[in-house]
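Please walk me through this model in a viewer. I would like to know what to select at each stop and what is found there.

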Amino acid sequence: MKNSKNSIVKIFDTTLRDGEQSPGASMNIEEKIQIALQLQKLNVDIIEAGFAAASEGDFEAISQISKEIDKSTICSLARALPQDIKKAALAIKSAKQQRIHTFIATSEIHMKYKLNMSAQKVIQKAIEAVSYAKEFVDDVEFSCEDAGRSEMNFLKEIIDAVIQAGATTINIPDTVGYRMPHEMGYMISELNKFIKNRATISVHCHNDLGLAVANSLESIQNGARQVECTINGLGERAGNAALEEIVMSLKTRSDIFQVDTNINTKEIYPTSKLVASITGISPQPNKAVVGKNAFAHESGIHQDGVLKHTQTYEIMSAKDIGLEDAKTIVLGKLSGRAAFKDKIKFLGYSLNDDELNLAFERFKALADKKREIFDDDIRAIIAEVITQIPEVYKLINLQLSDCMNGVPNSAITISIDGEEKTDAGIGKGTIDAIFKTIDRISNIEGHLEDYKVSSVTKGKDALAKVIVKVTFDDSKPPVIGHGLSIDTMIASAKAYIGALNSYVYINKQKNIKVSL
Ligand code: KIV
Ligand code: ZN
């Protein structure tokens with residue numbers, strides 16, 4: 001039950017910035033826009049869309065997101081440097097609600113070894129950064145990087161200075177995930193007494209010891225009114241606090257927390273699925289709230305209990321996070337466009353005409369081969385369609401040899417910008433032969449860094465989803481490719497070609513990253 005007297009904890013989502021710092025989670029602009037649109041549906045208060053000065057690709061993504069999103073505040077990260085702040089301000093200038101988030105490290109170890117600056121110099125840089133950001137926007141967040149290992153007296157001194165310079169949110173990151181919940185709680189309670197109502201206190205907890213969510217919750221109990229988090233807990237190293245775990249903890253234990261969030265919890269599961277599908281990083285099966293097994297009951301005693309009364313073994317409802325029964329047969333071969341459109345609406349997506357046509361075409365092709373189409377099949381098709389980038393390379397045909405008794409070989413036809421090219425190649429195994437043949441056709445040699453295959457739903461005729469991570473140029477980061485097909489070999493070829501398309505596309509965006 002919502003109590004109108006409860007105060008609101010703002011949800012600041014940093015999936016597109018800190019989350020993207022997860023190894024292998026880099027996303028292209030179209031993918032970032034789709035995630036931002038979904039985050040808006042989830043009703044997050046603030047979307048940290050990127051770090052504008054990091055690369056041209058980041059700048060462009062933040063600019064596009066600023067044009068598309070009208071409800072959530074759009075924020076860009078910036079180091080405490082004038083050129084970073086200017087870039088951030090430029091990138092968010094079309095957003096309805098704009099925020100600049102600037103930061104500088106405040107721990108002894110960071111100031112001495114990383115910044116090589118005295119404490120007084122750090123304060124001066126922080127004041128200059130906040131004052132400059134204020135020239136562009138009212139809403140300025142200041143982060144004391146590595147606050148978790150910073151001296152309390154120094155934190156108070158710098159926080160006082162930046163509030164006077166105009167900072168409206170003070171973020172206390174446990175950058176290296178070092179703090180225990182009671183310590184984090186104590187820090188926030190001390191700072192809360194010091195800051196009073198002069199600014200909103202935020203926390204940003206990393207998960208190095210598996211305590212990011214616990215630390216965030218303890219901070220809320222002690223006065224934090226903004227939490228920074230990511231979908232599926234993505235983020236640098238062991239990740240950030242998981243949005244879904246914080247939100248569902250606050251909701252499920254409202255008797256303890258007595259705060260509300262603005263989150264539409266029914267969008268949690270679709271958001272988690274979209275982020276997993278785009279980044280290729282799926283939550284582990286036993287992950288709280290969104291893991292595949294989070295609502296599965298294996299033991300007979302538990303199943304019996306749940307059938308008699310769901311709350312015997314469930315503290316929250318799967319429906320609350322938007323998890324429909326994935327086994328529900330939704331559509332089949334005979335389903336028409338109207339039924340398909342209805343289903344898409346029911347699942348919470350809104351596609352433009354081109355996307356709808358493409359999704360329907362892919363649905364029909366699948367329905368020809370697969371008898372039962374589940375909600376997750378439709379979600380997988382939609383994720384593929386809405387994140388589609390220009391297909392310079394397109395798979396036209398794939399033939400494979402008898403891989404058991406001969407040398408595995410493949411013959412492939414690919415259309416390159418509309419012109420078909422065919423070649424054949426051999427490999428140590430069938431997948432190797434497919435990828436080598438694609439290399440021959442494209443004349444670009446890729447190194448496979450990672451290959452994952454999973455089934456979207458159950459059954460022998462389940463859709464196979466293949467995700468590959470490929471390096472095409474040693475001086476550039478690897479790219480991700482996705483492939484979806486009822487046939488694992490075709491899904492593999494599509495994924496590899498998808499990575500090739502991503503490589504071409506990212507090169508066009510000149511996506512060269514600056515590290516934090
Ligand atoms: O972990 C951290 O300290 C950060 C800051 C830039 C907020 O990500
Ligand atoms: Zn961080």
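The model is predicted, so treat each stop as a feature of a computed structure.

β17 covers residues 464–471 and runs antiparallel to β16, with eight bridges joining the two.

The three strands form an open sheet in the order β16-β17-β18, and the pairing is antiparallel. Select 447–455 for β16 and 479–485 for β18: each of these has a single partner strand and stands at an edge, so one side of each lacks a neighbour in the sheet. Looking across the sheet, neighbouring strands are turned against each other by 15° on average, with direction ignored.

Now move to ligand 1. Select R17, D18, H101, F103, S143, E145, N171, P173, T175, H204 and H206, which surround ligand 1. By class, this shell holds six polar, three charged and two nonpolar residues.

Within the shell, display distances from the oxygen atoms of the ligand:

- T175: a side-chain N or O atom lies 2.6 Å from an oxygen atom of ligand 1.
- R17: a polar side-chain atom is 3.0 Å from an oxygen atom of ligand 1.
- D18: a side-chain N or O atom is 3.1 Å from an oxygen atom of ligand 1.

On its own, ligand 1 has 260 Å² of accessible area, and the protein covers 95% of that.

Last, colour β5 (98–105), β6 (140–145) and β7 (169–174), the elements that each give two or more residues to the shell around ligand 1.

Definitions and conventions. Residues are numbered from 1 along each chain as its sequence is written. Chains are lettered from A and ligands numbered from 1 in the order in which they are written. This is a predicted model: local features need pLDDT of at least 70, side-chain atom pairs count only at pLDDT 80 or more; totals for chains, interfaces and linings use all residues. Side-chain values use heavy atoms; hydrogens and water are left out. Two strands pair if DSSP finds at least two bridges between them. Helices (H or I, at least four residues) and strands (E, at least two) are DSSP runs, numbered from the N terminus. Axes are lines fitted to C-alpha atoms, for helices over the stretch in contact, and angles run from 0 to 180 degrees between N-to-C directions. A residue is near a molecule or strand if one of its heavy atoms lies within 4 Å of it. A polar contact is a pair of N or O atoms within 3.5 Å; within protein, one must be able to donate a hydrogen and the other to accept it, and residues adjacent in sequence count only if both atoms are side-chain atoms. Accessible areas come from the Shrake-Rupley method with a 1.4 Å probe; for residues, only the protein chains shown count as cover. Ala, Val, Leu, Ile, Met, Phe, Trp, Tyr, Cys and Pro count as nonpolar, Asp, Glu, Lys and Arg as charged, and the others, Gly among them, as polar.
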